[in-house]
Amino acid sequence: MFINKESLLKMLDKGLRLDGRGLLQFRNLEFELGVIDTAEGSARVKLGNTEVFAGVKLSIEQPFPDTPDEGILMVEANLIPLSNARFELGPPSVEAIEVSRVIDRAIREGKAIDLKKLVITPGEKVWSVSIDIVPINYDGNLIDVGCLAAMLALKNTVFPSVDENGKIDYKHKTNKTLPLREWPVIITLHKVGKHLLLDVNEHEERLSDCRLSVAVMKDNRLCALQKGGDKPLTMRDIDEMLNIAIDKSEELRKKLEVYS
Amino acid sequence: MAYARKDRGLLEPRPITARVGVIENADGSAFFKIGRTAAYAAVYGPRDLYPRALQNPRRAVLRTHYNMMPFSSVGERVRQGPKRRSIEISLVTEKALLPVLELEAYPNTAIDVFIELLQADAGSRAAGICAASMALAHAGIEMKDLVAAIAVGKVGGELVVDLEYEEEAFEGEVADIPIAMIPSTGEISLLQMDGPISKQELLKAISLAKPVLERIVKIQREALKDYYKSV
């Protein structure tokens with residue numbers, strides 16, 4: 001169903017959304033862990049019609065020269081053309097890069113993984129954690145859904161066994177899990193006209209004026225922000241968006257209570 | 001002991017210099033230096049945009065490109081070519097500038113903004129935005145206002161303005177918050193953050209940026225006036 005911005009604004013004035021939700025209501029959430037046998041950790045998350053897989057692969061690498069006593073974290077979002085007519089083949093788009101970097105920032109700056117505990121030999125060998133986020137059906141709000149899928153996949157990750165020569169045996173998993181110590185949740189709010197919207201679908205996302213993604217930690221402190229979109233935000237918008245993000249992060253955490 | 005700086009107050013930006021008309025070939029250009037972070041910006045356009053399929057009959061297409069020169073980093077040589085960091089910074093810089101530009105005045109054209117960091121000691125995207133908005137004004141592009149940008153944050157438990165590299169790399173918790181503001185409306189056109197901070201401190205940090213941004217915009221305006229005095 002497609003409507004133009006004017007009609008969307010008229011609906012929003014009445015507090016209505018195309019799919020019948022309230023302005024600050026999540027779509028239906030489904031998730032499951034351990035859905036990919038070949039990954040060291042994985043999760044599938046479906047929020048409305050946005051369905052995303054996240055997989056974690058571990059490897060042993062040389063640490064970066066500026067962080068010899070830390071493991072490596074990499075996050076990449078892959079906007080594959082299978083998932084939406086708008087995505088194209090080829091190198092990562094600007095959109096994919098932004099999604100990757102915002103999720104990376106939330107997990108890294110929130111210190112979700114204790115990277116210091118991933119060192120095997122300082123300066124020589126560390127564990128590298130690669131998180132790949134792949135939507136199979138894209139219907140908006142990938143930053144929030146992708147971050148959630150990434151965190152669930154990390155929760156699900158176990159180390160593979162390592163033989164006496166220090167080589168990984170991917171076929172044999174151990175029962176050792178990752179050193180996780182925080183659970184950042186990203187809540188993105190979009191501004192459309194004078195309205196703030198939570199969990200936008202693709203259509204609303206296209207008509208949005210601007211957005212603010214807020215990464216919230218367990219104690220309700222914030223660890224990452226990203227403003228996107230063409231229009232600017234006022235200080236009042238920002239204040240309101242932060243309040244809503246903190247509230248909604250609690251609501252989302254409750255849905256995950258079993259895990260977080 | 002509370003965190004303190006050797007050479008300046010916690011809420012004091014590093015020394016700033018700004019000039020326009022620094023690149024002869026460009027339609028507009030500027031240089032903006034804050035502490036040891038120095039950015040050049042050049043504007044080419046409004047100019048023809050090819051392939052024609054990229055043209056927009058309603059407005060000019062703004063294309064922003066941020067890059068660090070190979071020797072501009074405190075650490076290793078900066079490898080050239082598009083990287084995730086520079087692509088993202090180009091994107092947020094473009095969005096930071098967009099609200100002040102009257103792109104509808106130049107249908108079917110391109111306005112290209114090139115930002116190059118000569119040296120970087122943190123705050124490079126903010127310096128780039130300051131330089132770019134001056135270069136756009138110098139190019140004579142119709143604008144509602146300039147855009148000023150600065151990083152604020154939290155280092156060693158204290159709120160600070162204009163972090164330098166040593167502070168970004170501070171042992172312990174650091175929050176780094178680049179902000180761009182449109183001075184005439186007080187609207188925020190760039191807001192990013194790395195690192196932990198409470199909501200109250202974040203709002204406080206943003207409010208600390210405001211007087212500094214107003215000071216920066218004065219410096220930007222002076223630089224533009226000085227240029228036209230000299231020609």
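Colleague: Which residue stands opposite Tyr40(B) in strand 5 of chain B?

Modeller: Glu116(B) does, in this predicted model.

Colleague: What makes strand 3 and strand 5 of chain B a pair?

Modeller: The bridge count. Two strands pair if DSSP finds at least two bridges between them. Strand 3 (residues 37–48) and strand 5 (residues 109–119) of chain B are joined by 9 bridges. They therefore pair, and they run antiparallel.

Colleague: Which strands stand at the edges of the chain B sheet, and why?

Modeller: The sheet is open, with 5 strands in the order 1-2-3-5-4 and mixed pairing. Strand 1 (16–20) and strand 4 (61–68) of chain B each have a single partner strand, so one side of each has no neighbour in the sheet. The twist from one strand to the next averages 15°.

Colleague: Which strands does helix 2 of chain B touch?

Modeller: Helix 2 (residues 124–138) of chain B packs on the sheet and touches strand 1, strand 2 (28–34), strand 3, strand 4 and strand 5.

Colleague: What would you call its direction against strand 2 of chain B?

Modeller: The angle is about 150°.

Colleague: Why are helix 2 and helix 3 of chain A called oblique?

Modeller: Helix 2 (residues 94–109) and helix 3 (residues 142–155) of chain A pack at about 50°, with axes 10 Å apart. Roughly parallel needs an angle under 35 degrees, and roughly perpendicular takes 65 to 115. The two helices of chain A are therefore oblique to each other. Their crossing is right-handed.

Colleague: Which residues meet there?

Modeller: From helix 2 of chain A, Val99(A), Val102(A), Ile103(A), Ala106(A) and Ile107(A); from helix 3 of chain A, Leu142(A), Ile143(A), Gly146(A), Cys147(A) and Ala150(A). By class, that contact has 9 nonpolar, 1 polar and no charged residues.

Colleague: How do you know that strand 12 of chain A pairs with strand 9 of chain B?

Modeller: Strand 12 (residues 222–229) of chain A and strand 9 of chain B share 4 bridges and run antiparallel. At least two are needed, so they pair. Ala224(A), for one, has Asp194(B) as its bridge partner.

Colleague: What does strand 9 of chain B give to the side that touches chain A?

Modeller: The contact takes 26 residues from chain B and 29 residues from chain A. Strand 9 gives the most to the chain B side, with 11 residues. That side divides into 14 nonpolar, 6 polar and 6 charged.

Technical notes. Residues numbered from 1 in each chain as written. Chains lettered and ligands numbered in written order. Predicted model: local features only at pLDDT ≥ 70, side-chain atom pairs only at ≥ 80, totals over all residues. Axes fitted to C-alpha atoms, helices over the stretch in contact; angles between N-to-C directions. Parallel < 35°, antiparallel > 145°, perpendicular 65-115°, else oblique. Left-handed = near helix turned anticlockwise from the far one by under 90°. Contact = placed C-beta atoms within 7 Å. Nonpolar A, V, L, I, M, F, W, Y, C, P; charged D, E, K, R; others polar.
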